[in-house]
Amino acid sequence: MVLVLILNCFKTGGLVVESFPFISPYYKNNCFLKDGKPFQYISGSIHYSRIPHYYWKDRLVKMYMAGLNAVQIYVPWNFHEPVKGEYNFSGDRDLVHFLDLANQTGLLVILRPGPYICAEWEMGGLPAWLLETPNILLRSSDTDYLQAVCNWMNILLPKVKPWLYSNKGNIISVQVENEYGSYHACDYNYMRTLRTIFRSFLGADTLLFTTDGDTERALSCGSLQGLYATIDFGTDTNITKAFRLQRRFEPHGPLVNSEFYTGWLDHWGEVHAGVDKWNVSKALREMLALGASVNMYMFEGGTNFGYWNGELKPLRSISHTYDYDAPLTEAGDPTEKLLLIRDVIKQFRDVPAGPMPPATPKFAYGFVTLGKVKGTSRPSGLELWEPTPLISPLNGVHDRAYVTINGVFQGILERDTALVLKVSGKQGDTMDLLVENMGRVNFGSKINDHKGILGDLLLGSDVLTNWEIYTLDLDGAIAGGWPHSEARRFPPADGRGPPAGPMFYMGTLKSNGVARDTFLQLKDWSKGQVWINGVNLGRYWSSRGPQQSLYVPGPLLSATQPNNITVLELEGAPECPRVLFMDRPHLNRTVGRSGGSAGVGSRHPGRRDPGDGVSVHGHVERTTHRERSILL
């Protein structure tokens, strides 16, 4: 039953026409006013940080042709300021170019600049360098945190101000923070300070809003006077009940679902998520019939390139793909879900004439055989002592540590799950720990997510001390040509068999005159990272799933020159180390969670130094054993 409180503002008249570009809630008739006329936005989320910039226009045109009149975007702070005080707004980070393309396409923009964004993104978009300040309280009125936020907004907000609708741009509203009511702090002074910052940079006429989940606690802590309170929910929610809750915090004005979930995210080791297309179209029709403005999250999900994925909680990492079962696939291809959505939108507004733009061309390049990289092979023939437990008593390994002794892989220490590992060696041997960051927590109370070795390790009863930590710039080394610039490749069949533990592999995809989108499958590989022509595609975890292929955008490939492939396998490669380039993705195969600690020969993840000499030295009390810890 439709609430009597819900009024369809499109059946009312007598509205005041403004003489300049203007958008605001119209509380009398429960709708938005845009230039003095009733306005309902039908929007879709797209993350420019998850889509290569050369495909932005293609995706925006498809969203426009689907009938949308707006797009919603996050601005990830850490994407633009990965190092404190060093800002990047070029290439895939060119926010202003994205806004311009959306404007050229005829799409309005709902901007979500954070500073926290969640988004299943590394640390919810907050830069990790914030954690260098001891005891900093994120997302609060902590003075160190607020100073960093103010410095960032002093860079960001002047860039977007010319694009505000009141300045004849296409940004119609700006979100303050993100789902703050789901955070434990509930710090109203923090939200008031953000409101002051946003108003000082963007002016009194800018429509500022908040978004929270459909619970009273979330809206109580997340909303604030002067910020229009909106709500988010999916197809499994009672729409009338959800909007009734919004009405408790906004008795009048437009109904808004800022995140209507068209799909869902994937975690490693779980089934590929999805939402039924008929349920999506049915719920969308019902909300639009109520006069509600709706943003569909996501309309295209995209890809977690590199190391940008987040974690819902420790070791529940978001997968490389952010396909999200969205109306546009990870590769930007229209789906049946999109066509159903367009049919619904046609009932409420005019949809651009003409056919939907087609999918981008795909190509199956076939198999490529790889060889091990010289200098990363496994030593043998050690004299071993009796196995001794290596212990992380305070759960201080964040997230996975690969343990080798004189280059012989021993197994893994893993946060929360594998705190003891039996290792073997001899007195005076060198122990290496290679620590992998699986993505910082992006949601909840644990976003202060430090990485590395955070507590003592014991070898038997001896405390390992005097650690030195080295970070590895693998992206920089591989973008600079390593290992392909050196004669480092073993023949593909060298008779040694696949070693356990971290190992680099390399190979070449020969050019054939075609550079099209493709999907890289690493069947029978375990877990690791892939680079194509020096660009970090992201993680694979074939042994766990569900994702079994990585999206390779066509413009990354050369149609005329050999294409370099570099693979860091962390657990163990197949007997025949080859990869397959396909013309379609494989996203739905769950193999199951691998075990915790293991002995030599087991397959476990980690990362490996690309060259010799990156070592850190320490000592074990009362012995002459040496340790090294290497972090990426």
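Mentor: Helices (H or I, at least four residues) and strands (E, at least two) are DSSP runs, numbered from the N terminus. This is a predicted model, in which local features need pLDDT of at least 70 and side-chain atom pairs count only at pLDDT 80 or more, while totals for chains, interfaces and linings use all residues. Residues are numbered from 1 along each chain as its sequence is written, and side-chain values use heavy atoms, with hydrogens and water left out.

Trainee: What is the mean pLDDT of the protein chain?

Mentor: pLDDT is the predictor's confidence in each residue, from 0 to 100. The mean for the protein chain is 88, and 86% of its residues reach 70 or more. Over residues 592-626 the pLDDT is below 50, although this stretch has 132 contacts (heavy atoms within 4.5 Å) beyond near neighbours in sequence. Residues 378-384 also stay under 50, with 14 contacts beyond four places in sequence. Where pLDDT is low, the predicted coordinates should not be read in detail.

Trainee: In what order do the 3 strands form an open sheet?

Mentor: Strands of a sheet pair through backbone hydrogen bonds, either parallel or antiparallel. Two strands count as paired if DSSP finds at least two bridges between them. Here the order is β1-β2-β3, with antiparallel pairing. β1 (23-26) and β3 (37-39) stand at the edges with a single partner strand each, so one side of each has no neighbour in the sheet. On average, neighbouring strands of this sheet are turned by 45° against each other, direction ignored. Between β1 and β2 (residues 31-34) there are 4 bridges; isoleucine 23 has lysine 34 in β2 as its bridge partner.

Trainee: How do strands β9 and β10 run?

Mentor: β9 (residues 228-234) and β10 run parallel, joined by 4 bridges. Isoleucine 231 stands opposite asparagine 257 in β10. In β10 (residues 256-261), 6 of the 6 residues are buried (under 20% relative accessible area; exposed is over 50%, partly exposed in between, with a 1.4 Å probe and protein chains only), so this strand is largely enclosed by the rest of the structure.

Trainee: At what angle do the axes of helix α1 and helix α3 cross?

Mentor: Two packed helices are described by the angle between their axes and the distance between the axes. The axes of α1 (residues 56-65) and α3 (residues 95-105) come within 10 Å and cross at roughly 35°. Among the residues that meet are Trp56, Leu60 and Tyr64 in α1, and Phe98 and Leu101 in α3. In α1, the buried residues are Trp56, Arg59, Leu60, Lys62, Met63 and Met65. Their cover includes α3, β4 (42-46), β5 (70-74) and β28 (549-552). Glycine 67, with a positive phi near 105°, follows α1.

Trainee: Which residue has a positive phi of about 60° although it is not a glycine? And which peptide bond is cis, with omega near -5°?

Mentor: Most residues other than glycine have a negative phi, and most peptide bonds are trans. The residue with phi of about 60° is asparagine 135, placed in the loop between β6 and α4 and exposed at 72% relative accessibility. Aspartate 325, also not a glycine, has a positive phi of about 50°; this residue lies in the loop between β11 and α9 and is partly exposed at 23%. The cis bond with omega near -5° runs from tyrosine 297 to methionine 298, and methionine 298 lies in strand β11. A cis bond also joins glycine 114 and proline 115, with omega about 20°. Proline 115 is in the loop between β6 (108-112) and α4 (143-160).

Terms used: Axes are lines fitted to C-alpha atoms, for helices over the stretch in contact, and angles run from 0 to 180 degrees between N-to-C directions.
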